[in-house]
Amino acid sequence: MEAARMRLETILLDAQAAGLSRSEAVRLAAARRPKHWRVKICRIVLLIMALAIVVKAKLYTIEGITTAWMWYYGRHPTADKCAVWMPDVAYHVFRPPVDCTVCRDVHQVERVYNITPEEFETKYAFSGRPVIVSDAMKNWTAPYIFSFGFFRELYAGSKAQDRCQFFAYKTNFSFLWEVFEMPKERAELHNGQEPWYVGWSNCDEEVGQIIRDHYSKPYFLPKNSENKNTDWIFMGSKGFGAHMHVDNVNNPSWQAQLAGAKNWTLLPPPECIYECLSHQVTINQGEIFVLDTNIWYHSTLIVSDGISITIGAEFCTTYFLLHELSSKLLVPAYLKLAGMMEGIFNFNR
Ligand SMILES: O=C(O)CCC(=O)C(=O)O
């Protein structure tokens, strides 16, 4: 040890003689402790592992980064539609204003029966005017077959469902399969059991086919209309329902009350509150409610003692689709083209 100290002292004196300060001499590479080979190997292994994680999790793609982001925040990348949570208020602020003619003449929500598809199309289908069709479930077996137990059996082992939308409302469920694992007494709404209400869109094609064996396209929908393939199911107990909101979907929709009864509160969009009325309606078992949920703010409340079960879907006609397509795609494309032409024309003048 003493010999080493003497040697170091000599080296430092030599360095000083060569014009280096003591601290510069200490910083010389030769004066530093050589790195141990184990440290180097550890660093290389860590680097390889980091690279492997980047490749495996595709962290060089937007999809990979989004998935990692959601995983970090404890969100499910297949169950959540958006990586970054968009507060409701942001949607309301950026929503294009509604033309209030769609609600100005709605003084009450009408109840109709035996309505022809032509009359339905002219008066209600795409006018924004909500309507209740009372004799709507002709030849449907769904009201007799659909129950909590039926859906539990249907979704047992369904993997596709995890990719679909699920609304837990005020319950603690995060996935549909958790709903079907609740105790029998709670599912059957026994006294003293915690109430529950959930909604989901069906993504399982096999389940969809079985569901559709028990109902058909509502008879009043226009002949050329298409029932969208995604079924929406809402199920739960008295006193629960959906909070007040407006949707951001593509089309109006129908909802069939297969069991129980549900109150709907409809509010006009805020820009129309001085021109349009709000409404309260109860949809009873056997009725179908047709509503453009993109226009009307709506909330629901189960009012029947027994379970409420509804099924619904969006609908549109080829004409409506073309109209939407032309206003959303073709018109902006045309305007852009016209702008370009004008630019070229002005440039040449
Ligand atoms: O049926 C319900 O309780 C809620 C339905 C709803 O909010 C919707 O379809 O947007």
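User: Which residue in E11 does Trp264 stand opposite?

Analyst: This is a predicted model, in which local features need pLDDT of at least 70, side-chain atom pairs count only at pLDDT 80 or more, and totals for chains, interfaces and linings use all residues. Residues are numbered from 1 along each chain as its sequence is written. Strands are DSSP runs of at least two residues, numbered from the N terminus, and two strands pair if DSSP finds at least two bridges between them. Here Trp264 stands opposite Thr300 in E11; strand E8 (residues 262-267) and E11 pair in the antiparallel sense over six bridges.

User: What is the order of the strands in the open sheet?

Analyst: The order is E9-E8-E11, with antiparallel pairing. Strands E9 (279-283) and E11 (297-302) each have a single partner strand, so one side of each is left without a neighbour in the sheet.

User: Which residues are around the ligand?

Analyst: A residue counts if its C-beta atom, placed from the backbone, lies within 6 Å of the molecule. The shell comprises Gly199, Phe234, Gly241, Ala242, Asp247, Thr293, His298, Thr300 and Thr310.

User: How many residues does the largest nonpolar core have?

Analyst: In soluble globular proteins, nonpolar side chains tend to be buried together. A core joins buried Ala, Val, Leu, Ile, Met, Phe, Trp, Tyr and Cys residues through C-beta atoms within 7 Å, buried meaning 20 or more other C-beta atoms within 10 Å of a residue's own, with C-beta atoms placed from the backbone. The largest has 41 residues, and Ile132 and Trp254 are among those with the most contacts inside it. Strand E12 (residues 308-317) gives the most to this core, with five residues.

Terms used. Buried ≥ 20, exposed ≤ 12 C-beta atoms within 10 Å, placed from the backbone. Helix = DSSP H or I, 4+ residues; strand = E, 2+ residues; numbered from the N terminus.
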